[in-house]
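Hi everyone, thanks for coming. Let me put today's structure on the screen, and then we can walk through a few parts of it together.

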Amino acid sequence: MKYAVTSKGDTKSNELMRKIKDKLDSLGIIYDEDQPDIVISVGGDGTLLYAFHRYSSRLDRTAFVGVHTGHLGFYADWIPEEVEKLATAIAKTPYQTVEYPLLEITVRYSHGGRESKYLALNESTVKSVGSTLVMDVEIRGESFERFRGDGLCVSTPSGSTAYNKALGGAIIHPSIPAIQLAEMASINNRVFRTIGSPLILPGHHTCMLKPVTSDDFQITIDHLSLLHKDVKSIQFRVADERIRFARFRPFPFWRRVRDSFVTD
């Protein structure tokens, strides 16, 4: 068993990271930042997103577990007072893994036939640079609508509780392999019309965006924001890869939803 730890970087998170490392080292667990079997994220959901992207090439060999140092996170099962208990469980308890779907984004360009591929754990958003976003939306290769508005957001089931929820999207259980397309301030009047509702697409469907009035876009991949020029199309689908979370005890998804949005 080899492990790595990522920290939010604040004093509290760094102190907990040192405590976890000291405990695991004393139990004979090997620290390996390059090829860990398990990655412990200390901070919040943003810290785990960072860890996910850092180890996205090892998703079939690395499992993740989170310790939250602020408010309860959707990807963090443990609290600061439990870090020694967690370290002991990692060292001595066989763990189960829970897999969540991911979003694959493929950006193709007008010149050169090249493309860029990304994986997102939460969501990807598309906005035009300095003007209204105008995109032709295709689903399964067929024209669906011409979107005009501030932007579009495509999320995973686990990411449906993040920006997607703020846009009025549905919360989807992460056992369902699907992606969700939600609008940002669409323009709807007598001339322009969009569906006006979030769309949930199953795993065998793809969503393609094709530029109409511009080909430069600000595209986010979780917490990363990238400017893409000369874009020909942007394709979204459920990725073949999945993220694995190490579970040492049950923590049902709907309990996370309730604790984050319903209970005090």
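Let's begin with cysteine 153, which counts as buried because its relative accessibility is 0%. Keep in mind as we go that this is a predicted model. Now, what is the closest cysteine sulfur to that of cysteine 153? It belongs to cysteine 207, and at 11 Å the two are too far apart for a bond. A disulfide is a covalent bond between the sulfur atoms of two cysteines.

Next, have a look at helix H2, residues 45-54. Its buried residues are Thr47, Leu48, Leu49, Ala51 and Phe52. What covers them? The cover includes strands S1 (2-7), S3 (38-43), S4 (63-68), S5 (96-109), S6 (115-120) and S15 (231-247).

Last stop: a pair of helices. Two packed helices are described by the angle between their axes and the distance between the axes. For H1 (residues 11-26) and H3 (residues 83-92), the angle is about 35° and the axes are 9 Å apart. Their crossing is right-handed. On the H1 side you can find Leu16, Lys19, Ile20, Lys23 and Leu24, and they meet Val83, Glu84, Ala87, Thr88 and Ile90 of H3. Sorted by type, this contact has six nonpolar residues, three charged and one polar.

Technical notes
Residues numbered from 1 in each chain as written. Predicted model: local features only at pLDDT ≥ 70, side-chain atom pairs only at ≥ 80, totals over all residues. Heavy atoms only, no water. Buried < 20%, exposed > 50% of the residue type's maximum accessible area, 1.4 Å probe, protein only. Helix = DSSP H or I, 4+ residues; strand = E, 2+ residues; numbered from the N terminus. Contact = heavy atoms within 4.5 Å. Disulfide = S-S within 2.5 Å. Axes fitted to C-alpha atoms, helices over the stretch in contact; angles between N-to-C directions. Left-handed = near helix turned anticlockwise from the far one by under 90°. Nonpolar A, V, L, I, M, F, W, Y, C, P; charged D, E, K, R; others polar.
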